[in-house]
Every structure is written in structure tokens, then in C-alpha cells.
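Let's take a walk through this protein together, one piece at a time. Have a look at the sequence and the 3D structure first, and then read on.

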Amino acid sequence: MPEYSDDIKRPVWLQRLHHWRTEHVSDRQFLIVVSFLVGVFAAFAAFILHWLINEIQYLLTARFDVRTYNWLYLVFPVVGIYLTSLFVKYVVKDNISHGITRILYAISRKQNRLKRHNCWSSVIASAITIGFGGSVGAEAPIVLTGSAIGSNLGQLFRFDGKTLMMMLGCGASAAIAGIFKAPIAGLVFTLEVLMIDLTMASLMPILISSVTATCITYILVGSDSLFEFHLDGVWQVERIPATILLGIFCGLVSLYFIRLMTLCENGFGRLKRYPYVKLIVGGLVLSSLIFFFPSLYGEGYNSINILLNGKTEADWAQLLNNSLFYGHGHLLLIYVGLVLATKVLATSATNGGGGCGGTFAPSLFIGAFAGFFFSRLWNVYEVGVYVPEKNFALLGMAGVMAGVMHAPLTGIFLIAELTGGYQLFIPLMIVSICAYLTIIIFEPHSIYGMRLAREGKLITHHTDKSVLTLMSLESIIERQYTPLSVDLTLGQLVKKVSMSGSEFLPVLDKGGKLLGEIDLMKIRHLMFRTELYQHFTVAQIMSKSPGVLGFNDPMEDVMSTFDKTDAAILPVTDTEGRLIGYINRTRMYAMYRKIVADFSQE
């Protein structure tokens, strides 16, 4: 049952609503109502975002001649990134990049609270970015929007932290379900990527949000799928070797995706102080790539549909429209390979230059191109039994998604629901599993979680690690201490001890840096000998702390340090060695036990 906090002052009408609700509606029933509302709002947000993207793209590119290149591809992406950066800087005034990573951070460090502007800011920013050609996806911004809707509704009704986490999951699952009309994929995404544990208490609200969002989307846009797909022949057992190799190939492509994305992010991160340099570099890279490979424009879903529905060389040659490759169908395989290799650069340049978008759609895009590229090479060189290119393009989408997101079940169910390709369920599972098993050899975390994992801020399904992540080092630091200087005499030290309630007194220099500590248990034999008061100084009797904790240390490392040193209390310092306070072992374990108890409750 949700509990309510008192940190938000509610208007009178909301207080009256709450009183009426408590008298007539149970907590469980009310949670279901809120889950339904989350699904409705998330579906409308997804519809608005895709409508905006399509309208902007139509206005900008509808009159392009497909038979030749267009110089405006060098202009539109730069304009889009610039407009997005202005919107974020002067309207939002907050960082809205890495949408799903921000959700994971909210779960691990912000008590599942997302800011109010996240309910709309990502929709507008990503619509501008993608509509003008930014080579990113709209899914991560919508997932952030859906989660923000769930979080803010939960805060409005004063749900406790655990119920707020469920509301985040409802919003995320509703967003995925609304975008792709895939309720099961929405549920699985929440469990695999956001790592919200499935219990009977959380299953029903998340399912309600997912199904509601799916139904609303059907009402708004009809029954057509985002991707059209018609199976090219039934799957045959003879294709198992090719299917396994495709999975391994997708895993390696996922590794390329993650590593190159990280490298580019670090490069743009070094330009953080020079926003216009970032804009110029990102804009030039993106616009140049789109000029040569127009398939990189926007989300790229049109290109995916060409791969999934093509039957002849003429059909697949549509990928070459608007490019320098137009009319050169014999170069199709080279073009597909180049697009596959440069998509990550285009995505990184979009976000690095100041745009707003996610890596969800790029992983689908790269997966489709990877599957087509692999199958075309397989057939050209007659490695084995013939494999249908369109089928393998579909399988590649699941494989790369499973590898990039470390979410094989999401890849399987999303692609199956998205395309109606349930006849390929077995090969979908083979490719997704092989891709996942390949990528985890090199990368233990998904592209969303790796940033937080390096800082020890990632919630996982491992209960012990999750509890440590939920613990806040700052909340258990004891900042009251009696500082000592090295030149104090033993007599002066005794006077200080009489005014202090601690058994450990830090010795600091003039700048506040920790030099050592006085452990009263170690100097008891001196404290009661008054004849020695003028013969000893703090510098002579102080000892070195058995361990020193950093303010940004993950709680797992803090626990490990206590276990190694067997200390009762340890100092915490900043990056320059200045003392912040002390961590008491007893208090720390008391908090740990409390969180374990809360975490284990249904």
C-alpha cells in the first residue's frame, strides 16, 4: 500500500480529493487508476512527438528530387542542432540528454523523482532535432517523458519511494508500448533495462499502463504497424548455422556501437566549455554524413521498411535515393556497409553537437542494416543454404538491440510484436541470445547503464548491490568533529578531549587536509600522567587512519574498506584530501539493514 510524504504542499482541491479518495477508493484501486492515467498521457506524448517529427520532415524534404543529391542536407541538421541547443539553454535550462540513463539515475540516487519539465521538454527538443535530420531516435526522449509523467503523478499524490519507482516503470513501459504498439515489449523493457523487479504488486499497474497506451495509440493512428513485414518463406532448420553467426555478428556490431559511441561522447565532453565549437564539429560531421548517405537522415525508419519489404534489387535500390549513389544499384552492398559503419558517428555527432535524441532507434536501424549486410554477403559468396535478406534484416534488429541494451527479451518481443513476425520466434531467440552472450564478454553493462555502473550508481537485480546503491553516503556522514593541529601539547589535547564526545579526533593542517587522528584508546596511558602534558605534542602521538574514504566512493567500496580495515570509524575526504566528516560503522550497518527490510517488502 502506498504511503504519503509531506514534502509537497498540495492545493486545497487536491487535499479534498485525497480525503474523498481515502474514504471511497482503496489504495490498490487508486494505484490502478493512476497507472491508467500514466498510460493515456504517455500515449498522447508519443503521438505528439511523432506527429511533430513527421510534419517537420515533410515540410523540409517533401520536394527533394530523389534522382540526385541535395545541398540542403548540409544545412538542415546544423540548423536543427542549433535550434535545439537554444531551446535547452534558454527555455529548459537543464540537461535533458541521455534520457534512459537519467531514469536509471533517478531510480538509484533521486528517490525516483524526475523534474516537471521532463514531461514535455524532451518531446519538443527531440522533435526539432530529428525533424531537421538529427540521426537519433525518439524513443529514449519519450521513455523519459513517460517516466516523468509517472513520477510527477506519483509525487502529486504523495506516493512513497517504492511506489514512485513503480510509476517510473509504468511510464517507461507505456512509452514503449505506445510508440510500437507492443505492450509485452513495454513490460519486458521495464524489467530488463530499468531493472525494476517484477512482483505481483508491480505486474498489474505496469501491464495496465502498457495496454492502455497501446489501445490509445491504435485509436489515434489506426492498426498499421510502424514497420511493415511479410515473411519471406518459412524458417528452416538448415539456416541455424547462419542464424547463430548472425547473432555473433550482431554482438560484435553492438560492441562497435558502444565503444565508438563512448569514444565520441568523451571527445565531445572535452569540448563542454566551448558550445559553439561542439555545434560546429557535430554539425559538420552530421551534415556531411547525411549528404553522402541520406539514409542517415532522422530516425531512418523509411530505410528500415525498404529493407524489410524489398523483394527485388529495384526495391532495395530505393536506399540510394537522394544520394550520389543513385542509379548505381551494383554498389548497394557497399552503400549498406558504409551506412552501417557511419550511423554511430552520425548519432554521436547529433547528441554531441547539442541535439536531443536516443540510441533506441539507431540500434534498430543498425540492426536492420547489419542483418541485410550479413545475409547479402552470405548469399553472394554462397557460404551455405540461401537465407532471405528481408528476414535476416528483421533478425538483425533484434540482435543489435539485445546487444546494445543487454536486453535479449526486449529484442525478441519488440520485433515480434512490432512486425507480426511471430513465425520467426525461434530464430529471433537464437540471434538475440547469441548477440547477448557475445557482447557480455566485452561489456558487462548496457549502453544506458555503463555510465552509472562506472560510478557505482546503477541499480541491478542483485539485491545486495541494489541496496548498497540505494544507500546515500552523504546521509550517514557525521560532520561534527573536534579538529586538532599538530603543535598542540598533550595538556591542550586533554582539554579538547573533555569538550568532545568522540573517541577519534582528526588532526588537520591549516588548509583542512587530514594528516592523521588521535585514537583515545591508544593514548589512555598518557592522558592521566600530568607530568607528561608539556613533553608530548599531537604530532608525536597521532596515528594514521587505517583507511580513508572518498566523498564520491560507491557504497560497495565503502563497505569493502570497512571489512578490510575492521575499523569502527573512518574519515571521509574530498578530492583534495580535506576532511568532510566521519562514517560510523554501526550507523552504516543500521541503515543497510533498514533498507534491506524495506527493499524486501512486497
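Helices (H or I, at least four residues) and strands (E, at least two) are DSSP runs, numbered from the N terminus. By that count, the chain has 25 helices and six strands. Keep in mind that you're looking at a predicted model, where local features need pLDDT of at least 70, side-chain atom pairs count only at pLDDT 80 or more, and totals for chains, interfaces and linings use all residues. Residues are numbered from 1 along each chain as its sequence is written, and side-chain values use heavy atoms, with hydrogens and water left out.

How much of the chain is buried? Of its 602 residues, 55% are, where buried means under 20% relative accessible area with a 1.4 Å probe, counting protein chains only. Now for contacts, meaning heavy atoms within 4.5 Å: among those between residues at least 6 apart in sequence, 76% join residues at least 24 apart.

Next, the inside. A nonpolar core is a set of buried Ala, Val, Leu, Ile, Met, Phe, Trp, Tyr and Cys residues joined through side-chain atoms within 4.5 Å. The largest one here has 110 residues, and Phe 180, Phe 189, Ile 304, Phe 360, Leu 364 and Met 397 have the most contacts inside it. Helix 15 (residues 360–380) gives the most to this core, with 12 residues. Leaving aside residues up to four places away in sequence, Met 397 touches several others, including Phe 227, Ile 304, Leu 364 and Ile 415.

Why is helix 8 (residues 183–192) largely enclosed by the rest of the structure? Because nine of its 10 residues are buried. Phe 189 is one of them, and so are Leu 187 and Glu 192.

On to the strands, which pair if DSSP finds at least two bridges between them. Four of them form an open sheet in the order 1-6-5-4, with mixed pairing. Strand 1 (477–478) and strand 4 (549–550) are the edges, each pairing on one side only. Strand 5 (residues 569–573) and strand 6 (residues 579–584) run antiparallel and are joined by five bridges; Leu 570, for example, has Ile 583 in strand 6 as its bridge partner.

Strand 3 (residues 514–519) is mostly covered, with five of its six residues buried.

Notes. Buried means under 20% relative accessible area, exposed over 50%, partly exposed in between (1.4 Å probe, protein chains only).
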